[in-house]
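Hi,

Here is the structure I said I would pass on.

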Amino acid sequence: MLASWNFVINSASDQAMSDQIKKADPCVMVIFGATGDLTKRKLFPALYNLAKGDFLPHTFAIVGVGRQEMTTEEFRSQVTANLREFIANGADEKLIGWFAERTYYTGGDFDDDKKLFADIKDLVGEVTVKHQIPDNYFYYLATPPALFANVTHKIVNNGMGKQENGNWRRFIFEKPFGHDLASAKQLNADLLKTIKEDQIYRIDHYLGKETVQNILVFRFGNSIFEPIWNRNFIDHVQITVAESLGVEQRGGYYDSAGALRDMIPNHIFQLVTLTAMEPPVSFEANAVRDEQAKILHAIQPFSPEDVLHCAVRGQYGDGVIGGAKVPGYRVEEKIAPFSNTETFAALKLSIDNWRWAGVPFYLRTGKRMPAKHSSIIIQFKAAPFVLFRDTSIEKLTTNRIVIHIQPDEGITLHFGAKVPGPIVNMGPVDMDFNYVDHFGEQVSTGYERLLFDCMIGDATLFQRADMVEAGWNIVTPILDVWNALPARDFPNYAAGTWGPPESTQLLERDGRAWKDLIDQTRTAPGNDPR
């Protein structure tokens with residue numbers, strides 16, 4: 001009887017959930033940079049996964065645009081081959097065929113004001129008629145950032161940006177969005193000359209990860225956590241985004257950007273704001289982003305002296321990762337032999353508001369570290385020891401919550417429990433939630449949710465202009481000091497280590513230490529690295 005009752009509840013719940021899911025509007029996706037690596041490795045597989053999950057509208061088409069001249073049939077052959085290569089667990093040939101017949105291509109010079117953009121307009125018009133799609137278009141600019149404003153203006157000037165009769169035009173821009181505060185402001189101003197802010201979707205694929213999205217649900221959907229999510233209970237917060245890879249094929253871009261520009265104003269600040277923000281009045285896009293923006297504005301700005309004491313940079317030399325020797329940064333392809341570009345950055349942030357006053361946020365990101373690992377660690381204050389002074393316990397286990405972002409997505413609660421036996425002793429234990437264990441493996445590129453949100457007009461997971469500028473406002477003083485005082489000790493950490501010694505000292509000065517966990521919170525009981 002009970003099992004039957006549960007079945008009815010679950011069925012009703014599933015039906016209600018199904019009824020609440022907003023369906024994507026029929027639309028055409030126009031991809032600038034359609035022959036690039038991002039498109040073949042991420043965008044098309046993400047669209048495939050959406051179609052497989054029945055999230056794409058059946059009246060949907062893709063127009064690829066690139067510099068390379070080729071026919072639609074040649075492009076379809078490339079798309080088909082790429083899907084077979086990059087779809088995990090094997091691609092469905094029927095679904096590949098569905099994609100192929102809805103995919104088109106035109107190529108030419110992006111600086112050509114007339115021919116290429118006239119060709120795009122004609123092709124999009126033909127596609128909408130052939131597939132009976134309303135005039136809803138979104139443009140994905142998988143191009144170098146220097147082309148963002150220019151391509152957008154040409155789209156609008158050729159009559160492809162106007163919203164009328166209830167139809168929409170949206171524009172997705174890949175990171176980086178500017179390279180400092182001045183360039184970000186200029187790019188925002190240039191785009192707003194021809195399109196509106198509500199048409200702009202500044203994408204950060206990191207926010208497509210399930211655990212990142214789950215931060216808000218974890219915090220605000222569970223009454224046991226939010227009451228202790230403040231300075232009264234939390235000692236500090238650590239955010240780590242570590243990569244074991246080097247620069248790979250991105251040497252040309254990376255040597256002009258560096259770890260700070262590449263990761264912190266976008267990926268890592270998004271994690272900071274979701275971790276630290278106040279409860280929004282709703283999950284409506286601007287309500288969430290208003291609270292995120294408040295956190296960015298509350299981060300205390302860096303003075304030149306602060307940069308010297310609260311910011312650390314590093315560059316990897318040769319070393320060993322996974323038992324294999326790897327070269328140093330300066331001998332990587334397309335890297336200057338005496339480059340002063342940092343491949344590691346660590347910061348100590350202070351958020352100047354009521355909730356977080358006195359709680360430091362330690363951030364670090366780097367390449368050629370021991371493993372690919374991203375996490376947010378909420379370290380709680382220690383309980384008073386007075387009760388245990390006459391026991392064999394010498395030190396209490398400190399509590400922490402670890403939000404694992406990659407490679408394994410999940411959440412771990414670390415606490416102390418009594419060790420069985422006749423005396424009072426304490427050992428560290430973990431309560432561990434893993435997405436795969438509970439919900440099964442979800443094949444994802446990280447772009448599925450973001451592309452779907454753009455199609456339904458939900459900008460919650462996309463950065464607003466003021467958020468972008470606030471992020472650059474924080475890091476630009478650091479960039480200015482680092483540019484004025486080039487590093488003299490590069491390379492200063494070996495590949496396969498957790499960064500330079502100054503990163504360790506950044507926390508040691510405060511009596512704290514990095515949790516250098518690769519997956520330490522999921523190890524055997526008794527392991528309590530502090």
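Before the details, one term: "buried" means under 20% relative accessible area, "exposed" over 50%, and partly exposed in between, with a 1.4 Å probe and protein chains only. Also, this is a predicted model, where local features need pLDDT of at least 70, side-chain atom pairs count only at pLDDT 80 or more, and totals for chains, interfaces and linings use all residues. Residues are numbered from 1 along each chain as its sequence is written, and side-chain values use heavy atoms, leaving out hydrogens and water.

Let's start with strand β1. Six of its six residues are buried, and that goes for both faces: Cys27, Met29 and Ile31 on one side, Val28, Val30 and Phe32 on the other. In a regular strand the side chains alternate between the two faces of the sheet.

Six strands make an open, parallel sheet in the order β3-β2-β1-β4-β5-β6; two strands pair if DSSP finds at least two bridges between them. β3 (103–107) and β6 (200–202) are the edge strands with a single partner each, so one side of each has no neighbour in the sheet. Direction ignored, neighbouring strands are turned by 20° against each other on average. β1 (27–32) pairs with β2 over six bridges, with Ile31 opposite Gly64. Five bridges join β1 to β4 (137–141), and there Phe32 faces Leu141.

What lies on the sheet? Helix α6 touches β1, β4 and β5, and its direction makes about 165° with that of β5. Contact means heavy atoms within 4.5 Å; axes are lines fitted to C-alpha atoms, for helices over the stretch in contact, and angles run from 0 to 180 degrees between N-to-C directions.

α6 (148–157) also packs against α7 (181–191), at an angle of about 5° with the axes 9 Å apart. That makes the two roughly parallel (angles under 35 degrees; over 145 is roughly antiparallel, 65 to 115 roughly perpendicular, the rest oblique). Phe148, Ala149, Thr152 and His153 of α6 meet Leu187, Asp190 and Leu191 of α7.

Finally, α9 (251–276) has a kink of about 95° centred on Gly258. The bend at a residue is the angle between axes fitted to the seven residues ending there and the seven starting there. In α9, 22 of the 26 residues are buried.

Cheers

Note on methods
Helices (H or I, at least four residues) and strands (E, at least two) are DSSP runs, numbered from the N terminus.
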